Amino acid sequence: MENIDKKELSSDEQANSAEVEPKEREKADCKQPAMSVKSHHLGTAAYIVIGLLVALLAIYSGYYLGKHSGAAGKYAKLNAVLELVEQLYVDEVSTDSIQEKVIPLVLEQLDPHSSYLSAQLQQQETERLEGSFSGIGVQFNTITDTVVVVQVIAGGPSARAGVKAGDRILGVSGYDLTKPPLDSDSIRNHLKGLEGSVADLSILRNGKPMHLKVTRGHVPINSIESQYEIAQGILYAKLNGWGRTTHKEFLAAVSPMLTKGRLKGIVLDLRGNGGGYMEAAVRMSNEFLQRGQSILYVEGKAYPKETVLADGTGLLKRVPLIVMVDEFSASSSEIFAGAMQDQDRAVIVGRRTFGKGFVQQPYDFPDGSEVRLTIARYFTPSGRCIQKPYEPGNLYDYSMEVQNRYAQDEWDKEIDPPQDPRLLYRTQGGRVVYGGGGISPDVFIPRDTTGFTSYYFRLVNQGVLHKFSFIYADRYRAKLSQYKTAEELVGYLNTQGLLYQVGNFAHREGIALRPNALHSSADLILNQTYALIAEHILSRKAMWMIFNERDNGILRCVEMIEKEQAFPLSLNGREDRKEEVEKTPSKE
């Protein structure tokens with residue numbers, strides 16, 4: 001498999017693919033921002049921003065002057081302005097503070113996904129993508145204004161030290177965690193630390209204070225938050241991101257069923273998956289494609305065209321696959337879904353994806369902060385760039401685009417395809433697909449609104465279900481912990497009359513009890529409550545097992561695999577094409 005390796009690329013957008021159409025296609029797909037240009041009068045605030053931008057450019061000119069001697073003349077005026085500000089401006093100014101505020105404003109003028117990350121945000125994002133960090137190994141929440149351990153990671157530092165779910169952490173190494181306001185980032189920063197360092201925890205357990213010393217160590221951050229056999233021979237796997245360990249985690253998930261010859265199909269759930277490393281999506285795609293089949297290509301002004309082909313070593317080339325997507329599936333999720341759709345390798349089920357078609361390259365600064373600059377577009381095998389339109393500098397309209405789909409009923413009904421013939425492409429088998437704004441599914445699944453009432457929305461929006469579920473699980477943890485599976489736990493909860501307990505709890509939280517609405521939404525309320533309790537008592541895997549029981553989209557996917565409908569085209573037709581593809585030389 002030809003490997004794209006320019007440091008580590010982040011696929012926060014996409015580009016076009018193997019057999020490229022003329023350049024006017026790229027213009028129709030990717031290069032045309034939305035042209036809703038408005039005139040504005042420049043007020044005082046605008047002049048201040050412009051002044052700050054000039055100062056920032058001057059700062060950066062100094063940085064580049066040190067590295068590129070030829071730039072002196074080009075940036076001389078900016079340097080002079082900065083020197084004037086530093087030497088003669090009426091007040092003292094902090095150039096560091098100006099940089100932090102203005103760098104994002106500069107990048108906003110380029111595209112919606114070139115971005116600046118402070119040192120703290122950069123560290124958090126790196127930990128998520130790299131798949132681990134150094135800490136004590138617990139999940140916690142502060143719903144009751146106390147740091148309560150929800151889960152202790154098996155085999156992790158806290159598990160070895162004896163920390164238990166339900167423990168209240170009152171302090172860590174002399175830092176008081178009981179004083180409001182409880183800021184999750186601050187708590188997390190005090191619990192994390194260098195590997196081998198010791199966190200001295202002050203804990204309250206069953207009303208009794210105690211101290212535990214936890215030696216910080218490696219704590220994994222998994223990309224696959226749930227995987228299980230959802231029906232006989234069918235694996236369900238939910239990915240929450242694309243990180244360094246995603247491919248390895250996925251192979252570990254499929255291995256038991258694959259080695260026993262029991263794997264009849266896979267449902268890969270990418271709904272809500274906003275992306276991550278492009279390389280992770282490439283490696284996953286390689287598992288399903290034949291030798292020589294295109295995965296994507298990448299191209300930019302200073303980034304020569306680079307095509308990625310499957311190398312034929314994948315273990316899952318003949319396993320039926322269904323990929324679930326929605327409006328929050330973006331970036332690497334769209335790379336994977338686009339490759340599977342264009343190669344007629346999987347059925348894409350759900351709703352139109354977000355529409356990010358750019359690739360970012362990270363550039364680090366000495367203080368730990370980072371600029372992620374868009375350097376290329378990526379293109380799917382049919383030649384599509386699925387970047388949706390945007391207006392440079394108008395992040396608000398861009399950020400509201402998904403919400404606008406909801407307002408236009410796109411979450412509930414299938415939309416008509418674009419009429420522009422330049423956006424029409426064909427898959428390897430001749431099916432019509434479209435570029436210019438996300439990946440449209442092969443099978444549309446509308447939002448399930450069964451049981452939706454204004455009462456239910458208030459419960460969700462005010463966090464009542466989360467709060468009730470946590471308090472209930474915490475109060476009855478000893479009893480609930482006797483049940484070891486999601487099925488056993490749900491069986492017990494069904495005998496406890498939780499529906500009116502939720503209604504009465506909501507009433508105490510300021511939401512008046514409405515018996516008719518409560519019963520109309522009963523199935524939805526109980527499903528979510530049971531699932532959230534299972535997360536606190538068992539695991540996120542158990543939570544998703546319960547959630548999925550009433551997910552019509554997932555039930556449809558399972559049915560399609562069982563009816564051998566998991567390939568968009570007939571298997572016989574695919575076998576002929578596979579033989580042709582396998583004769584195509586690959587770049588290795």
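Trainee: Which loop holds Val90?

Mentor: Helices here are DSSP runs of H or I with at least four residues, strands are E runs of at least two, and both are numbered from the N terminus. Val90 sits in the loop between α3 (72-88) and α4 (95-108).

Trainee: How should I read the numbering and the model itself?

Mentor: Residues are numbered from 1 along each chain as its sequence is written. This is a predicted model, where local features need pLDDT of at least 70, side-chain atom pairs count only at pLDDT 80 or more, totals for chains, interfaces and linings use all residues, and side-chain values use heavy atoms, with hydrogens and water left out.

Trainee: Is Val90 buried or exposed?

Mentor: Buried means under 20% relative accessible area, exposed means over 50%, and partly exposed lies in between (1.4 Å probe, protein chains only). The relative accessible area of Val90 is 68%, so Val90 is exposed.

Trainee: Which residues are linked in a network of salt bridges?

Mentor: A salt bridge is a side-chain nitrogen of Lys or Arg within 4 Å of a carboxyl oxygen of Asp or Glu. Side chains of opposite charge can pair when their charged atoms come close. The linked residues are Arg352, Lys388, Glu401, Arg405 and Glu410.

Trainee: How many residues apart are Arg372 and Glu125?

Mentor: Arg372 forms a salt bridge with Glu125, with the closest N and O atoms 3.8 Å apart. This pair links distant parts of the chain, as Arg372 is in strand β18 (residues 370-379) and Glu125 in helix α5 (residues 119-130), putting them 247 residues apart.

Trainee: Where is Arg244, which meets Glu130?

Mentor: The side chains of Glu130 and Arg244 meet in a salt bridge at 2.7 Å, N to O. Glu130 belongs to helix α5, 114 residues away from Arg244, which lies in the loop between β11 (234-239) and α8 (246-259).

Trainee: How do Glu535 and Arg540 compare in accessibility?

Mentor: These two form a salt bridge, the closest N and O atoms being 2.7 Å apart. Glu535 has 13% relative accessibility and so counts as buried. Arg540, at 30%, counts as partly exposed.
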